[in-house]
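Have it open while you read, and go through the points in any order you like.

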Amino acid sequence: MATGMAALLAGAAAIALLTPSAHAQSAKAQQAAQTATDQQQAEQAQTPEQAVTAAAGATLLDQILVVSRTGETAIDSLASVSHVDQEQLQRRMATTPNDMLLGVPGVAVQADARRVSSSINIRGLQDFGRVAVIVDGARQNFQRSDHGPQSTFYIDPELIKSVDVIRGPVANTYGSGAIGGVVLFETKDADDYLRDGETWAASATERYESNGEGWTTSAAGAYRFNENWDVLGNIVYRDYDDYKDGGGDTVDGTGFDVLSGLLKTTIRPSENSELKLGWNGTSDGWNEVSGGTPVNDVDLEANTFTARYNITDEDKSWLDLHVNASYNKTNMEMTSLVPQNRFDPVTGLPIVLPAGSMSTFDVGTSGIDIWNTSRFETAGIAHELTYGGDWVSDDVETGGAAGGASFYTPSGKRNVSGAYIQDKLTWDRLEIIAGLRYDNYKLESDVGETSGDRLSPRITVGVSPFETVSLSGLQFYGTYAEGYRSPSLSETLISGNHPAGVSFPFLPNPDLKPETGKTVEFGVNYKRDDILEAGDAFRSRPPTSTTTSKTT
């Protein structure tokens, strides 16, 4: 896979690099001339007040988020959300998902030496889908039962353009199970490299770290065929040795080498529609260490394929349609480097797992997500009505010798689907968001099958009570929301004796009930512009919440 990824992405970068520079230079010259003309005309038409604002610099617009899938700013979302943009990621020089989310309130990232392997915790909820991790619309549902994180995902920060975090089940329009919240990763586009009028662009990054002596190399190439079609290729390679702890001692098993890549194309069939096709993948390898000795050699390959289509027509307020389809496949192979004393998971008797024994974990996740937003008014009340449905299927296949790690991640299939409707009503200084989601699931394996369904409500009320200039941007809101998480295959079907010889068995529980999350949240938003000087902006949104999660 590594060779194929390198060849494919290098080819994409080469196309951009070998394109004659005269075309780009000509486009730049035309763009510069047009920009100068536009700027001169704009300056002549400015009022004195506008001139002051321009002198202070360009007006900064609030970041647009998608907490309600209607495209709104963080300050207007009436929910606890955070946004990390590309500028922040570049300033942090993020090398891990932990770096990307560092400082985001209520969020922690659990990771070990495998720096591309991460598990996200939001407000104390983690693993088995409690936090939905979505990359370009694709759910990341890889899971392996172990003493560490149960649910992990693999993405290189060098490929990421922005990260949105939505805390709590208010984000249940993004699919079933996210009682803790949703983390949305958006990969880079060709437009992030190409300026207006440019045909091609290229970027190269080299990074060296002394602790764990290692290098990061990244190369990207973007090409615009015409105004309606562009393509981006990006390849990243990281190679690190074992790092040293604070006492100067080498930590065995912390070295790794990982190859990641991205291919993405955007096609605009019409003025109001857009199609994005993408692939991102990771090939990783590391050693697992026990007692200072490498005991397992691990190889991992993860590939995500996405297709996203949206059509928005301003002349048709009822049409803001989005269709996402995705497939994510993660394959992990664990090979024993030394003989290991284990216990047979069926009999509980001691056995020796010989060197060369292999455990495999193959998890494939397919998903479809469709939603539309209609905007209209009734009796002076503005409505943003969002309705849609989604389906996710996990196909888990594990195998290996008796006593191997794969035995405790059972094979099977899980199908989860849902539908929802949500309306945001705005009247003067009052906003109300009312939503209802229906979830359904079914688990199947050799042990048996189980299923269930539930309705989960959400209600949010926001009030802006003041009209004075200084307080008109002050808003109070409160939310009650519920979420529904179906049990995972491991939670339901795991069986056998504890692998360390402790005398108790794991028993399958096909009648395990789903987990429900209930959240009460209160928050205050405040926004005001032009406080100290023309063009400045102040935004504040400290929320407080109470979250309960219950398995019945």
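1. Ground rules. This is a predicted model, with local features requiring pLDDT of at least 70 and side-chain atom pairs counted only at pLDDT 80 or more, while totals for chains, interfaces and linings use all residues. Numbering runs from 1 along each chain as its sequence is written, and side-chain values use heavy atoms, with hydrogens and water left out.

2. Confidence. pLDDT, the predictor's confidence in each residue on a scale from 0 to 100, averages 81 for the protein, and 82% of the residues score at least 70. The stretch to treat with care is residues 1–60, where pLDDT stays under 50. The model has 53 contacts beyond four places in sequence for that stretch, a contact being heavy atoms within 4.5 Å. Where pLDDT is low, the predicted coordinates should not be read in detail.

3. Overall make-up. The protein has six helices and 30 strands; these are DSSP runs numbered from the N terminus, helices being H or I of at least four residues and strands E of at least two. Of its 552 residues, 48% count as buried, and here buried means under 20% relative accessible area, exposed over 50% and partly exposed in between, with a 1.4 Å probe and protein chains only. Among contacts with a separation of 6 or more, 63% are between residues 24 or more positions apart.

4. Have a look at the open sheet with strand order 3-9-10-6-7 and mixed pairing; two strands pair if DSSP finds at least two bridges between them. Strand 3 (81–84) and strand 7 (138–139) are the edges, and each has a single partner strand, so one side of each lacks a neighbour in the sheet. Further in, strand 6 (residues 131–135) runs parallel to strand 10 (residues 181–187) over five bridges. Ala-132 has Val-182 in strand 10 as its bridge partner.

5. The antiparallel run. Strand 15 (residues 273–290) pairs with strand 16 in the antiparallel sense over 18 bridges, and Val-289 stands opposite Pro-294 in strand 16. Their hairpin has two residues between the strands, and Gly-291 takes a positive phi near 65 degrees there. Strand 16 also runs antiparallel to strand 17, joined to it by 17 bridges. On that side, Leu-300 has Met-332 in strand 17 as its bridge partner.

6. The cores. Which residues have the most contacts inside the largest nonpolar core? They are Phe-142, Trp-286, Leu-300, Met-332 and Phe-361, in a core of 21 residues. A core here is a set of buried Ala, Val, Leu, Ile, Met, Phe, Trp, Tyr and Cys residues joined through side-chain atoms within 4.5 Å. Several elements supply at least two residues each, including strand 14 (256–267), strand 20 (358–378) and helix 6 (489–493). Strand 16 gives the largest share, three residues. Apart from this core lies another, of 20 residues, with Leu-89, Val-133, Ile-155 and Val-183 among them.

7. Salt bridges. There are 30 in the structure, each a side-chain nitrogen of Lys or Arg within 4 Å of a carboxyl oxygen of Asp or Glu. Arg-437 and Asp-390 meet at 2.8 Å, N to O. Arg-437 lies in strand 23 and Asp-390 in strand 21 (residues 381–400), so this pair ties together parts 47 residues apart in sequence. Arg-437 is buried at 1%, and Asp-390 is buried at 8%.

8. Arg-375 and Asp-320 meet at 3.3 Å, N to O, linking strand 20 to strand 17 across 55 residues. Arg-375 is partly exposed at 27%, whereas Asp-320 is buried at 7%. Glu-198 and Arg-195 also form a salt bridge (3.3 Å, N to O), with Glu-198 buried at 5% and Arg-195 exposed at 55%. Finally, check the salt-bridge network that links Asp-136, Lys-161, Glu-186, Asp-189, Asp-192, Lys-264, Lys-276 and Arg-308.
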